[in-house]
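Morning, everyone. Let me put the model up, and then I'll walk you through it.

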Amino acid sequence: MLTERQRMILNAIVDDYIRSAEPVGSRSISKRGDVGYSPATIRNEMADLEELGFLEQPHTSAGRIPSHKGYRYYVDHLSPLDLLAPEELATMKMFFAEKLNALEQVVQHAGTILSHMTNYTSILLGPEVFHTSLRHFQLLPLSDDTAVAIIVTSTGQVENKTVKIPSGVSVSEMEKVVNLLNYKLAGVPIYKLKSALYNELGQEMQRYVTHFEELTKVLDEAFDNGQDGQRLFLSGATNMLTQPEFRDVDKIKDILDLFEQTPTLMKMLASASIGTGIQVRIGSEINHDAFANCSLITATYAIEGESVGTIGILGPTRMDYARVIPILDILSKNLTQFFTKKHDK
């Protein structure tokens, strides 16, 4: 448990570091009107906060920066959500007043507004992405070396794709694979099909199917139809390039590469959407090495209490949490109201 003085100094350091992206020294904190302690007192408290794991001292700098633990404490003890500036509220109100009829258009435009207002990267999942699952799969031969893969979803949507069949694979083998797949994977969310193919179907296919490796590649291709990618929207990816933390080309390259990996981003948002309200994941809490120096803030939007999508902001751990959280909170609540009205019509 931190003392009131330690809490005040930690908050001041986080605020200054968010603003400047430079290590914070005791003298600069002492000059703040809301702290009121001498540089010597602040130095002692900073040393204690570092020992407790809330601060770090990069290189040989005399200043300190918040650790992930420090950011977590800061976020968990933020004051009640601040009111947004009138012009920011007007921007959101104008967005929801526009005549946007296509649901995906609404989500995509919301992502653009969010990245523009925060100067970070927005990642959104459109409605029903978590609730659309596999109802039925079929593999129909067209010739000796081609077949059409048909996917029927729980919402009645039918997708088909022509795939190449490896030589030596018989029609009876294909039928066996289709039967296994429908038995094991019916009801699995569409975005999880490719991982379930290897994790849940792989051993069964190896046991009962001769050309299981070749047919696994066929199924992998059939499920790689990009439909789930159409419901994931990314806006402001290049905003990451403007952050001082990511001047290292290798760091930003890993992040930008991941922005091209739709299943990874969907899995990340799916795990982040567990729970209600605003969820904040800092550094290692995101569970991906490329995002070790990032924070992800997410909120779900719902229809009749059921989550139908997730809206998130990805930025550096030095994120302006006090400003981003209320923006995300208001936007997610407005999306809930918007989709509820659409659903009731």
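So what is the mean pLDDT of the protein? The mean is 84, and 89% of the residues reach 70 or more. pLDDT is the predictor's confidence in each residue, from 0 to 100.

Two ground rules. This is a predicted model, so local features need pLDDT of at least 70, side-chain atom pairs count only at pLDDT 80 or more, and totals for chains, interfaces and linings use all residues. Residues are numbered from 1 along each chain as its sequence is written, and side-chain values use heavy atoms, with hydrogens and water left out.

Over residues 226–230, pLDDT stays under 50. The model has seven contacts for that stretch beyond four places in sequence; contact means heavy atoms within 4.5 Å. Where pLDDT is low, the predicted coordinates should not be read in detail.

On to the cores. A nonpolar core is a set of buried Ala, Val, Leu, Ile, Met, Phe, Trp, Tyr and Cys residues joined through side-chain atoms within 4.5 Å. Buried means under 20% relative accessible area, exposed over 50%, partly exposed in between, with a 1.4 Å probe and protein chains only. The largest core has 52 residues. L10, I297, I311, Y321 and F339 have the most contacts inside it. Helix α13, residues 321–344, gives the largest share, nine residues. Helices here are DSSP runs of H or I, at least four residues; strands are runs of E, at least two; both are numbered from the N terminus.

Take Y321. Leaving aside residues up to four places away in sequence, Y321 touches I18, Y71, Y74, V75, L78, V280, I282, S295, I297 and P326.

N119 has phi near 65°, a positive value in a residue other than glycine. N119 is in the loop between α6 (103–118) and β3 (121–125). Is N119 exposed or partly exposed? It counts as partly exposed because its relative accessibility is 49%.

N287 also has a positive phi, near 65°, and is not glycine. Its loop runs between β8 (279–282) and β9 (294–303). N287 is exposed, because its relative accessible area is 68%.

That's the tour. Questions, please.
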